[in-house]
Amino acid sequence: MPFGRLYDILADKKNAFVADMLGGFSNIAYICTLLLPNIYIIDMKIVFRLSVLMAALTICTAASAKKKKVELFPDGTPIPAWFSDTVKVDINTLGKKYVITDYGVKSDSTIVQTEQIQKVIDTAAENGGGLIVIPKGTFLSGSLFFKKGTHLYVDEGATLKGSDRIKHFKILDSRMEGQCLKYFAALVNADGIDGFTIAGKGTINGNGHNYWEEFWIRRQYNRQCTNLEAMRPRLVYISNCKNVTVQDVHLINSPFWTNHLYKSEYVRYIGCYIYAPTSGIKAPSSDAIDIDVCDNVLIHGCYMSVNDDAVAMKGGKGTWADKDPNNGANHNVIIQHCTYGKVHGCLTLGSESIYDRNIVMRHCTFSDANRVLWLKMRPDTPQHYEYVSIENVQGTCNNFLVVRPWTQFFKPENRDDMPLSQCNNIIIKNVKAQCSNFFNVGKSDKYKLTDFTFDNCQIDDQKNAFDAKLIDNCNVNNMTINGIEIK
């Protein structure tokens, strides 16, 4: 093609090629840059015209970038593009499919087949990885361990069901309640994997009824019985992993925490249904998703209804928790477009947490939450929660914001340089809520509260206890409580 003709095409905004490139002017400028060294020796007029065009395109590109709003975390840093990717993993890209019934596993809900299912996982790993497929039917198992290159697919109509006998879950080095210790493996375990997927419209069922029943019997016998003493497995435990996606699956009836993430990054939960009973024989401590020393976590389009917190930040507990290398911070967590049924807290920071920053809950609805944002302050642990945002949410709850000391099973020790805990830069904006108590906040000599913002909130509040004086530098803008504007 003559270079003069190429210039005419690039300069003609009515041309189909150029029309396709609108909104991406930099691509045309890049083409021109590649061409310039080749055409310089042919025609200086073409060079001049292309140079002018490049300058114009650069200006247009800059103007277009300014118009596009860059999303920011609460601390003002840009939200990485990774958080915009809610496209589900195509399971056909995950390698060979290993349907467990092709390898001697029977569809029988009465026999425990841990070893047989694990053998399929091991076979896939030995052959370069692949997709472990749970087909229609019910398959009973103890703890399963996924390895490099392996993934889990639970077909629609399929159930991977946990054994109700704790003996079927291995005891190994693990992490629970803000400490590293020997504990029971989960039903589904993944450790040290880069690229792990759990997918499918089937069900991973923890079969927790007998565990819950035993827990409540223990509590009747000993009111001080702790979670760890009750000996219950989790449903899913993902540790030291990155680039993880859990999508579409039903995660139900966990004996203990439902999903536990530890020291992992770039983890996505997309379109999952997470449930445990909140009446009858309740499922104690069945948290939906616990995030423990993790970076970059996205929870998108999920339903959560459990007999404890929905999403909880963990990270360590105890007077010296900030000195333990096994503990740490949570950074950059976004919970969006989720729906909450009955939960203790939609978003809870603590109680086993030492530092959380850039934690966002947005575009969510709640119908029976006990608390929406719960900042648990342990008097025995140095804690710092900052740049937390609750925005564009609506629904009915008992309490909306709760900041109180948390003293369950805490053990204070003497420490001369014990840092003062604090919560700062907490943002609550664009909220419509019906509450029994919108503002359940208490002061303490163990922590300080600074820089809270309430912006564009319409609240129906039975307690009507909002008191900005409890927080240093509390900013209130366009907030009404029971129809009365708060100044």
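This is a predicted model: local features need pLDDT of at least 70, side-chain atom pairs count only at pLDDT 80 or more; totals for chains, interfaces and linings use all residues.
**Entry 1. The largest pocket**

I started with open space. The largest pocket comes to a volume of about 980 Å³. I counted who lines it: 43 residues make up the lining, and E177, N227, W406, Q408 and F409 are the ones nearest the centre.

I then sorted the lining of this pocket by residue class.

Strand β26 gives the most, with five residues.

**Entry 2. The second largest pocket**

I moved on to the second largest pocket, with a volume of about 340 Å³. Its lining has 14 residues, and K69, L72, R362, E391 and K429 lie nearest the centre. By class, I found seven nonpolar, two polar and five charged residues in this lining.

Here β26, β27 (384–405) and β28 (421–441) each supply at least two lining residues. Once again I wrote down β26 as giving the most, this time with three residues.

**Entry 3. Nonpolar cores**

I looked next at the buried nonpolar residues. In soluble globular proteins, nonpolar side chains tend to be buried together. The largest nonpolar core in this model has 103 residues. Which of them touch the most other members? I listed Y269, I299, Y340, L347 and F400.

Leaving out residues up to four places away in sequence, F400 touches F366, R371, V372, L373, I390, V393, I428, V431, A433, C435, N437 and F438.

**Entry 4. Salt bridges**

Side chains of opposite charge can pair when their charged atoms come close. I counted 16 salt bridges in the model.

I checked the pair D75 and R357, whose side chains meet in a salt bridge at 3.0 Å, N to O. D75 sits in the loop between α4 (44–67) and β1 (97–99) and R357 in strand β26, so this pair ties together parts that are 282 residues apart in sequence. R357 has a relative accessible area of 23%, so I put it down as partly exposed.

I took D173 and K182 next; their side chains form a salt bridge at 3.2 Å, N to O. Are these two buried or exposed? D173 is exposed at a relative accessible area of 60%, and K182 is exposed as well, at 56%.

I then checked D417 and R415, where the closest N and O atoms of the salt bridge are 2.8 Å apart. D417 is partly exposed at 47% relative accessibility, whereas R415 is buried at 9%. I also noted that salt bridges with shared partners join D75, R357 and E386 into one network.

**Entry 5. G328**

I looked up G328 and found it in the loop between β22 and β23 (329–336). G328 has a relative accessible area of 13%; buried means under 20%, so G328 counts as buried.

What does G328 touch, apart from residues up to four places away in sequence? I recorded V293, G315, I354 and Y355. I also recorded the spacing of G328 and D356, which are 28 residues apart in sequence and 9.0 Å apart in space, C-alpha to C-alpha.

**Entry 6. Backbone details**

I found a cis peptide bond between G350 and S351, with omega about 10 degrees. S351 belongs to the loop between β25 (345–349) and β26.

I then noted phi angles. Y266 is a residue other than glycine with a positive phi, near 55 degrees. Y266 is part of strand β17 (residues 265–270) and is partly exposed, at 29% relative accessibility.

I logged Y387 too, with a positive phi near 55 degrees in a residue other than glycine. Y387 is in strand β27, and at 18% relative accessibility I list Y387 as buried.

Conventions. Residues are numbered from 1 along each chain as its sequence is written. Side-chain values use heavy atoms; hydrogens and water are left out. On a 1 Å grid over the protein atoms alone, a cavity is a set of points where a 1.4 Å probe fits but cannot get out, and a pocket is an open set with protein on both sides within 12 Å along at least five of seven lines; lining residues have an atom within 4 Å of a point. Grid points are joined across faces, edges and corners, and a volume is the space filled by probe spheres set on the points. Helices (H or I, at least four residues) and strands (E, at least two) are DSSP runs, numbered from the N terminus. Ala, Val, Leu, Ile, Met, Phe, Trp, Tyr, Cys and Pro count as nonpolar, Asp, Glu, Lys and Arg as charged, and the others, Gly among them, as polar. A nonpolar core is a set of buried Ala, Val, Leu, Ile, Met, Phe, Trp, Tyr and Cys residues joined through side-chain atoms within 4.5 Å. Buried means under 20% relative accessible area, exposed over 50%, partly exposed in between (1.4 Å probe, protein chains only). Contact means heavy atoms within 4.5 Å. A salt bridge is a side-chain nitrogen of Lys or Arg within 4 Å of a carboxyl oxygen of Asp or Glu.
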